[in-house]
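Please go through this model with me, one question at a time.

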Amino acid sequence: VNNANGIVGNIDLTNGGKITTTAGGIINGNGADLTLGNGAEITADGLVNNINTGVAFAANGGKLTANNGLTGNVELNHGGEVVVAGAALTGNITSAAGGNVGNASVTVNNANGIVGNIDLTNGGKITTTAGGVTGNVIMGNGSHVIVEGNIGGNINGNGNSIITLGTGTTHGDVINGQNIKIAGDRTFAGANFATANLIVDGQHTTKFTNAGADLNLTNVSTTGNDKPDIHVAGNQTIRGNWGSADHPLGALNVTTAGKTITLDTNNFYAEITTQIADNTNVVFNRRDTEVRGIGINGNRVLSTRFDENGKVTEGVNSKTIYVAQDRVATLGGEVQSENIQLANQGSTIRFLDGAEVHSKISTGIADQGIVKFEGSGSMYGNIGVAGNRISLAEFNGDVGKTVQVNGNIHATNAKFGAGTFDIAQNVEFDTTQTQVNGSTFN
C-alpha cells in the first residue's frame, strides 16, 4: 500500500503472507486481532492502531514492524516478533497461557517506550532501548526483559527470569525477583526489594532511596573488577553473598542518618561507607565475617561493634569500636577511633602487620581484655589506663619487624617478641609482669 492512508480494516495472516505500507498506517477496527502466522510479515511506516483489539500470533509466528508506534495489546506466542519505532507501544503485553511462546519478543526502539503493563508469566522477551515501561513488569518461565529507562510500577520476576536494567528509576517494588542485571546507573525507589541475585556490570551505581528497602538475602555480584557501589537509605541486614575475591564490589554506602548495617554473612567483599559522618552503625553478627574497609572514604561511621569475631583488612574510621566478651576483632591498615573498648574477659583486638592505630584502647573491667600486634605497626594512643589495666598487651613481631610506640601501656601482662620497638616519646610501661624475648628497644 503506497499511500498516506494505509490500511483500514481487518488483517488475518494466520496462514502467512506479507503486507507493507510505505506511508500510512494500519487501523484494525473490525473487532478482531491483527493476526500473524506461518512466518507472515507486516511492515507499517505509519501508526498501527488496533481499536479495541490487539496483535496475536498463530502457529509458526511472524513479524510485525510498526515504524510509527503501535496501539493495542500484544499477545506473544509461537515465536512471534514485534518491533516498534517512532512512537510508543501503548497497550499491555502478555505471553499466551498454555501456548508455545518460544522466542517470541517485543522490541521498542523509541524514547516513549511501553505505555502499559508487561506480563511474561509464560515466557518471552521484551526490550526497550530508551523509553522504559509505565506499568508493572511480571515475569516467569525463563522470560527476559531489558529496560533502558524508567519502570513506573512493580517488578515481579518468578520462574528463573532475567531483567536487565539500564539507566533509570524503578518506582515500584521488586517482588520475588530472580535475576536482576544492572547495565546503567539505576535507582530503586520502592519500599520493598526482594530478588535472589543482583548482578552489576561495569562501574554503575545502584541506589535504593526508600528506607524500607532491605537487601537481606540478595546475592550481590559483579562480572568485572570495576568495584561498583551500592547506595542504601535504610537499615540493612546482609545475609547474602556480596562480591567475591576475584570480583569485589566497591562500597555499601549509607546515604541517610542513624542507620545500622548488620553483617550476617561470611562473604562480604566490599567496603562500608557513609555520606553523613558519625551516623552509621556497623555490627558484626556472623562469626568470621571479613570487610575490606569501614568509613575510609573520609566520613567516619558512628560505631563498629564486634558481637562476633570479625576482620577488617584495609582500615577502619569509626568513632567507637566495641569488642564483645570472648570475641576477636582483627584490624589492618589505618585504624582511626576515639576509643576501642574491650568489653570483658576474652575480648581481643588483633592488629595485622603494618597496622597504624590512632586510638586509645580501654577495658570495661579491670585486668580484662587482650591487645595483640602481629608484626610491624604503630600505636598513637594509650593501651588501658592507670587503675584500669587490660589483661595482656602482646607484640608478636619477629626479627625485622618494627613497632612505633607512642602511648602508655597499662597491662597486667606484657609480652615483647624479637622485633624492634621504637619509643617515639617518654612512655610508661605500667605492667605487673613483662616478658621480653630478644626484643630491641630504641
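This is a predicted model: local features need pLDDT of at least 70, side-chain atom pairs count only at pLDDT 80 or more; totals for chains, interfaces and linings use all residues.

Residues are numbered from 1 along each chain as its sequence is written, and side-chain values use heavy atoms, with hydrogens and water left out.

Student: How many helices and how many strands does the protein chain have?
Tutor: Helices (H or I, at least four residues) and strands (E, at least two) are DSSP runs, numbered from the N terminus. On that count the protein chain has zero helices and 49 strands.

Student: Why is the protein chain called more spread out than a compact globule?
Tutor: The globule rule is 2.2 Å times the number of residues to the power 0.38, and the radius of gyration is taken over C-alpha atoms. For 442 residues the rule gives 22 Å. The chain is well over that, so it is more spread out than a compact globule, with a radius of gyration of 31 Å.

Student: What box do the C-alpha atoms of the protein chain fill?
Tutor: The box is taken along the principal axes. Its dimensions are roughly 100 × 35 × 30 Å.

Student: What percentage of the residues of the protein chain count as buried?
Tutor: Buried means under 20% relative accessible area, exposed over 50%, partly exposed in between (1.4 Å probe, protein chains only). Of the 442 residues, the buried part is 51%.

Student: Which residues touch the most other members of the largest nonpolar core?
Tutor: A nonpolar core is a set of buried Ala, Val, Leu, Ile, Met, Phe, Trp, Tyr and Cys residues joined through side-chain atoms within 4.5 Å. The largest one has 96 residues. Strand E46 (residues 409-416) gives the largest share, four residues. The residues that touch the most other members are Leu 70, Phe 351 and Phe 395.

Student: Is Val 108 buried or exposed?
Tutor: Val 108 lies in strand E13 (residues 105-109). Contact means heavy atoms within 4.5 Å. Not counting residues up to four places away in sequence, Val 108 touches Val 84, Leu 89, Gly 113, Ile 114, Thr 127, Thr 128 and Thr 129. At 0% relative accessibility, Val 108 counts as buried.

Student: What is the relative accessibility of Asn 253?
Tutor: Asn 253 is in strand E29 (residues 251-254). Beyond its neighbours within four places in sequence, Asn 253 has contacts that include Ile 230, Thr 273 and Asn 297. Asn 253 counts as buried because its relative accessibility is 7%.
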